[in-house]
Amino acid sequence: MRDLVAGVRYLGRGQRWVLTHGRWFGFGLLPALLTLVLYAAALAALGFWADDLATWATPFADDWSPPWPGLLRGVFAVLLWLGVLLLAVISFAAVALLVGELFYEKLSEKVEEAEGGLPDDMVEQSLWRELWIGLCDSVYVLGRALLFGVPLFFLGFLPVVGQSVVPALGFCVSGFFLTLELASVAMQRRGIDVRTRLRMLRDRKALALGFGVPLVLLFLVPVAAVFLMPGAVAGAALLVRDLVGEGGPEPAADEDEPAAAPAGTPYGPGGPHGVPG
């Protein structure tokens, strides 16, 4: 529960940071706005063609008696659109980070400078190298997300469970991987590879979910993603400092709970670099 609350607070602190540093807030809006336009066009096209896709994917229902073909294809179209929407929420951050690599890297650095300083062992790379690594990492993350998303899509056809438990699990999966994407900016700065990032967040699932799930829900509000993206990057930088032991979580630690790992432990600076997941 403590990590869950800490995740929500990091999200709030990130939004508060950019709002009190207006220049950096505006700095991070442009890449998100461009990405939103591209995604809105793609989702609108999917909505327009969803019925045709459902008919194409369910030829076995052609000989069914009414109203079963229409009911099946209607459920299929809705689940397809919702599934793509949740995947879009995850990939939105990935695409926005690639489009605005320079913008969000600088924003993340400024947050860390203001909150305790940049890591001593910061990895310096060329822009093209960072873009290539970011692209490869995003493909890896989206592939892992699909391993959960595809089974959840088909489980959505189950009565009751498909309309209650499955959507809740979908939001949790999306929130976890959205956190992983956003944390990549600060983690790549430390030379932490994507498999190690995944392992670190798996060890702190509640922290990742507390940060990512509210953000997924907020991203579903039209246009909200554009205005929340700068603060999400800022909040992820703060969350990463907690993960690697460079800055403890905002809530005071309970006496009977272990404290956050200090720098130099397996998750501290120099610990996770290049370690396979």
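**Entry 1: confidence**

The mean pLDDT of the protein chain is 79, and 88% of its residues reach 70 or more. Where pLDDT is low, the predicted coordinates should not be read in detail. I left that stretch alone.

**Entry 2: helix α9**

Next I picked out helix α9, residues 205–219. I noted 15 residues and a reach of 20 Å from the first C-alpha to the last, close to the 21 Å expected at 1.5 Å a residue.

Which residues of α9 are buried? I listed L207, A208, G210, F211, G212, V213, L215, V216 and F219. Then I looked for what covers them, and found that the cover includes α1 (2–19), α4 (68–99), α7 (161–189), α8 (194–203) and α10 (224–243).

**Entry 3: α7 against α9**

I took one of those covering helices, α7, and checked how it packs on α9. Their axes are 7 Å apart, at an angle of about 105°. That makes α7 roughly perpendicular to α9, because angles of 65 to 115 degrees count that way. For the contacts, I wrote down F171, C172, S174, G175, F176, L178, T179 and L182 on the α7 side. On the α9 side they meet A208, L209, F211, G212, V213, L215, V216, L217 and F219.

Then I turned to charged side chains. Side chains of opposite charge can pair when their charged atoms come close. My count of salt bridges came to nine.

The one I opened up was D3 with R204, whose side chains meet at 2.7 Å, N to O. D3 lies in helix α1 and R204 in the loop between α8 and α9, so this pair ties together parts that are 201 residues apart in sequence. Are these two residues buried or exposed? Both D3 and R204 are buried. D3 has a relative accessibility of 17%, and R204 has a relative accessible area of 18%; each counts as buried because the cut-off is under 20%.

I also asked what D3 touches once neighbours within four places in sequence are set aside. The contacts are R204, A206 and L207. L207 is also on my list of buried residues in α9.

**Entry 4: D242 and R204**

R204 came up again, in a salt bridge with D242 at 3.3 Å, N to O. D242 lies in helix α10 and R204 in the loop between α8 and α9, so the pair ties together parts that are 38 residues apart in sequence. D242 is buried, with a relative accessible area of 1%.

**Entry 5: D137 and R197**

Another salt bridge I looked up joins the side chains of D137 and R197, at 3.1 Å, N to O. This pair links distant parts of the chain, with D137 in helix α6 (residues 127–155) and R197 in helix α8, 60 residues apart. D137 is buried at 13% relative accessible area, and R197 is buried at 2%.

Conventions:
Residues numbered from 1 in each chain as written. Predicted model: local features only at pLDDT ≥ 70, side-chain atom pairs only at ≥ 80, totals over all residues. Heavy atoms only, no water. Helix = DSSP H or I, 4+ residues; strand = E, 2+ residues; numbered from the N terminus. Expected span 1.5 Å × (residues − 1). Buried < 20%, exposed > 50% of the residue type's maximum accessible area, 1.4 Å probe, protein only. Contact = heavy atoms within 4.5 Å. pLDDT = per-residue confidence, 0-100. Salt bridge = Lys/Arg side-chain N within 4 Å of Asp/Glu carboxyl O. Axes fitted to C-alpha atoms, helices over the stretch in contact; angles between N-to-C directions. Parallel < 35°, antiparallel > 145°, perpendicular 65-115°, else oblique.
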